[in-house]
Amino acid sequence: MSDGYRGKNSSRNILVMVLAFLATLALAAAIFLFFQTRQTGTELDSSQSGSSSAAKSEIPSPDPQEQIVPLPPAYDFSQPAPAREAVDNLYFEDAAFVGDSRTDGFMLYSGIACGKNLTSNGLSIFRLADKKVLTIENEEYTLLEALALEEYRKVYLSLGINELGIYQDDHFYESYCDAIDQIRRLQPRAVIYIQGLIPLNEGQIVEANGNKFNLNNEHLRVYNDLMRKAAEEKQAVYLDLYSDFVDENGELPLGASRDGVHLKKEACQQWLEYLKTHTVDFDTLYPNGPPPVAEPEPSQPDATTSNGSEPG
């Protein structure tokens, strides 16, 4: 082989080696860039994941001790006032007591020593709005007119004994509803208490006068149901005095009254203790204000009377 051929062959071998070296270098560079890119991507993903976790950790978790406080339940006007801790007698300083001779005896003998006595012997719910029964500074007033002369925060209404011999139950119910409306119109910021009738002792009534007024506990219980219904409809507070006084025979116990109707001192004190433990706050009854009262319709004088002289 000539020297010229060997020279060409040697040059070709050198060229091949150079090309092989360059190819190897390029492959190494490609491999390096590939792994470098993967590492950068992994770090980026890790950084983003960390940022997301940090962001999530910055969101405050709810405090398990923070709970939504529910609103107090609305007062249930279909039920009598529940018992609660007793108030003292000063609670009644801004109260008016509207009633008949039973309430008058309560004001005299219970020891209450405060509150306005707006009572009249023989008064009925039928004549509450039109019968002039009080004389104040030489002027005659109905009990409702007298009630309007001062401002009160509580009004206690107790009428029904003198109506027991008059079997006009619908009229009795309507009259009580009207009375609540009229009282609320005169005293819009007052709690109106409807006092259920305390039972009678029918045996004592017969001994006292032969029960000439036809008073009985059966009809008294009907009236109490109607008074409770009126209190519910008109959103007034019903006081279940009957249950606090009735004995196992469904009557007023012997010894609580001198005539089966009017109460002795000890019974009047029991009455007061019941009132002191059955009070309701105005805001509890009417958190959004008292119910509206429609304007009264013109009325005719009530001709309803009892049979003979009223018992109380």
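Predicted model: local features only at pLDDT ≥ 70, side-chain atom pairs only at ≥ 80, totals over all residues.
Residues are numbered from 1 along each chain as its sequence is written, and side-chain values use heavy atoms, with hydrogens and water left out.

Where does Ser110 sit? Ser110 is placed in the loop between α2 and β2 (116-119), where helices (H or I, at least four residues) and strands (E, at least two) are DSSP runs numbered from the N terminus. With 5% relative accessibility, Ser110 counts as buried, a word that here means under 20% relative accessible area, against over 50% for exposed and partly exposed in between, using a 1.4 Å probe and protein chains only. If we set aside its neighbours within four places in sequence, Ser110 is in contact (heavy atoms within 4.5 Å) with Gly105, Cys268, Gln269 and Leu272.

That brings us to the two helices. Two packed helices are described by the angle between their axes and the distance between the axes. Helix α2 (residues 101-109) packs against helix α8 (residues 265-276) at an angle of about 90 degrees, with axes 9 Å apart; the axes are lines fitted to C-alpha atoms over the stretch in contact, and angles run from 0 to 180 degrees between N-to-C directions. The two helices α2 and α8 are therefore roughly perpendicular, the label for 65 to 115 degrees, whereas under 35 is roughly parallel, over 145 roughly antiparallel and the rest oblique. On the α2 side the contact is made by Arg102, Thr103, Gly105, Phe106 and Tyr109, and on the α8 side by Lys265, Cys268, Gln269, Trp271, Leu272 and Leu275.

Phe97 and Phe106 form a tilted aromatic pair, 5.6 Å centre to centre with 45 degrees between the planes; rings of Phe, Tyr and Trp (its six-membered ring) pair if their centres lie within 6.5 Å, and planes under 30 degrees apart count as stacked, over 60 as edge-to-face and the rest as tilted. Ring pairs link Phe97 and Phe106 into a cluster with Tyr91, Phe92, Tyr156, Tyr193 and Trp271.
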